[in-house]
Amino acid sequence: MLRVLIVEDEAWIRQGLIKSINWEKLNMVLAGEAENGEAALQLLSGTQVDIILTDMKMPVCDGKSLLQEIERRALDCEIIVLSEYTDFVYTRQAIHSHVSDYLLKPVDPQHLNDVLSEAAKRLTEQQLHRISKDPYRNLFQAALSHGSDAQYLAVYRKYAAKLRSGDIVVSAVQLEDAPAEPDELPPELRRQLERAPYRTQALRDHTGLPVFYLFSMIPGRYTAAQDKIYREWLQSLFSSLQTGGKRLRIGIAREAASADKLRKSVAEAADALQYLRCGQGDIIHFDCVSASATQPLPQAWNEAQLVELLSRCAKQEAAVVKQALLQTFCRQELGYLPALRSALIDFTLTLERCSGKAGYTVNITNALGENYIDRIGRIEWPEEAGQFLDEMLQAVLDVIASKRALTTTDVVDEIIRQIETQYMDEISLMQISQRYHINYVHLSRRFKEHTGKTFTEYLLQVRMHKARQLMQTYGYSLKQAAPLVGYSNPYYFISSYKRYFEQETEEQT
């Protein structure tokens, strides 16, 4: 599937774009979203992206600077620019950076999907026409691509006459780190490939991870004797790459395959790579993996204890919670990384919920400064999971400690910031007063003294003016704006909107 990155500084516009794209029909997935060019470049450093959909006018690093850096890095992706600004400087940069299309806001959803469809066609054609002198290398690249099985078979048929008879064994090697250049091999891996018993090529994974797929071409049918020789060499490769305490793991496909069935072997090797033996790297054979290894991890925490820990802001006890969670994974003979990531997400969600029960609701994504699901998705080793837990628990307890020390004036300022940024969510002054352990009546009175409005009036004002901005600036209808400013019933919102501005006009006159 093609991976799309959306770069836009306004969160509601990003969400509108995401909802407008026909992901399944276009065979696309969301690779990530960024609020400015700098955040986009960070994502591009570690994430494979096929299409970039970017705004031009953004803070920190605008679209013009982003396009210049993409061009400097020679990134191979389609770029679609969308902006309400028709300034010549931006247009010129877009043209100079080989942008595939330039759309003005507000973007029509059908037009956007048509443009994405054309970009997908160009990418597919480019992929099919990348011809290498070595037909095998071109075939291996196609097997690793995001294209469909039908697209792979088209490449296979193109080179079938040039392929020698024989099977192909596929393994995947995941290193702790790898060279920055995508086509560069680690020196020790290159030396071991020269010693391989069969002609072997290594290609880097397209996702940006330090993963290399090894394609070993077997003369004739793959026999048990050849398998023994191959696995002995693979063990030697593992030992040589592990020197110096470096972490790595290797996954092997179930069996050798003919060239036309190569994508299945790639998928099996990639799946085997998701397992760790007793929390450490090893050589994992896909045919030895049992279904039980993929089962969810048992819960390693108690919600009541977490609430108590957070209520007391007990930082010393956080280490015990972390160790309990990691040990449930590392004690398994064969640990499944997706199960570890899922357990981390469950624990993080539980921690957010428990922080609210403790009276100090914490948004963990905000506390960490990045989306915690994205962060967890990048975890490849138990040590990285431990580091995440340390940082996350510390961040949560720091936020709670700071909230416990807030004065009533600080809380009012915090409420105003929350309304300005979370107006689309359910916000209750009663819940806020309970969270900060401040009398509701006292907090309500102080809020009105500070703003001149009641909490409900202030929230209504923010929501209505945000809705008007969506309609006047971005072309949304009243019905479309309703859910974006916190109203699930569009008809109630339309009535409230008209009544609010009628009253505002009367007061001004």
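## Where H7 meets H8

Pro 135, Asn 138, Leu 139, Ala 142 and Ala 143 are the H7 residues that touch Tyr 152, Val 155, Tyr 156 and Tyr 159 of H8. Sorted by type, the residues of this contact come out as 8 nonpolar, 1 polar and no charged. Keep in mind that this is a predicted model.

As for how the pair is arranged, the axes of H7 (residues 135-144) and H8 (residues 149-159) come within 9 Å and cross at roughly 175 degrees. Angles over 145 degrees count as roughly antiparallel, so that is what H7 is to H8.

Now for H10, residues 224-241.

Which residues of H10 are buried? They are Gln 226, Tyr 230, Trp 233, Leu 234, Leu 237, Phe 238, Ser 240 and Leu 241. These cover an arc of only 165 degrees around the axis, so they sit on the same side of H10. Over on the other side, Ala 224, Ala 225 and Lys 228 are exposed.

What covers those buried residues includes helix H9 (187-194) along with strands S6 (168-175), S8 (211-217), S9 (248-252) and S11 (283-285).

## Pro 186, in a loop

Pro 186 lies in the loop between S6 and H9. Is this proline buried or exposed? Its relative accessibility is 11%, so Pro 186 counts as buried, the cut-off being under 20%.

Leaving aside neighbours within four places in sequence, Pro 186 is in contact with Leu 175, Pro 179 and Phe 212. Leu 153, on the other hand, is 33 residues from Pro 186 in sequence and 31 Å away in space, C-alpha to C-alpha.

Definitions and conventions:
Residues are numbered from 1 along each chain as its sequence is written. This is a predicted model: local features need pLDDT of at least 70, side-chain atom pairs count only at pLDDT 80 or more; totals for chains, interfaces and linings use all residues. Side-chain values use heavy atoms; hydrogens and water are left out. Buried means under 20% relative accessible area, exposed over 50%, partly exposed in between (1.4 Å probe, protein chains only). Helices (H or I, at least four residues) and strands (E, at least two) are DSSP runs, numbered from the N terminus. The arc is that of the directions from the helix axis to the C-beta atoms. Contact means heavy atoms within 4.5 Å. Axes are lines fitted to C-alpha atoms, for helices over the stretch in contact, and angles run from 0 to 180 degrees between N-to-C directions. Angles under 35 degrees count as roughly parallel, over 145 as roughly antiparallel, 65 to 115 as roughly perpendicular and the rest as oblique. Ala, Val, Leu, Ile, Met, Phe, Trp, Tyr, Cys and Pro count as nonpolar, Asp, Glu, Lys and Arg as charged, and the others, Gly among them, as polar.
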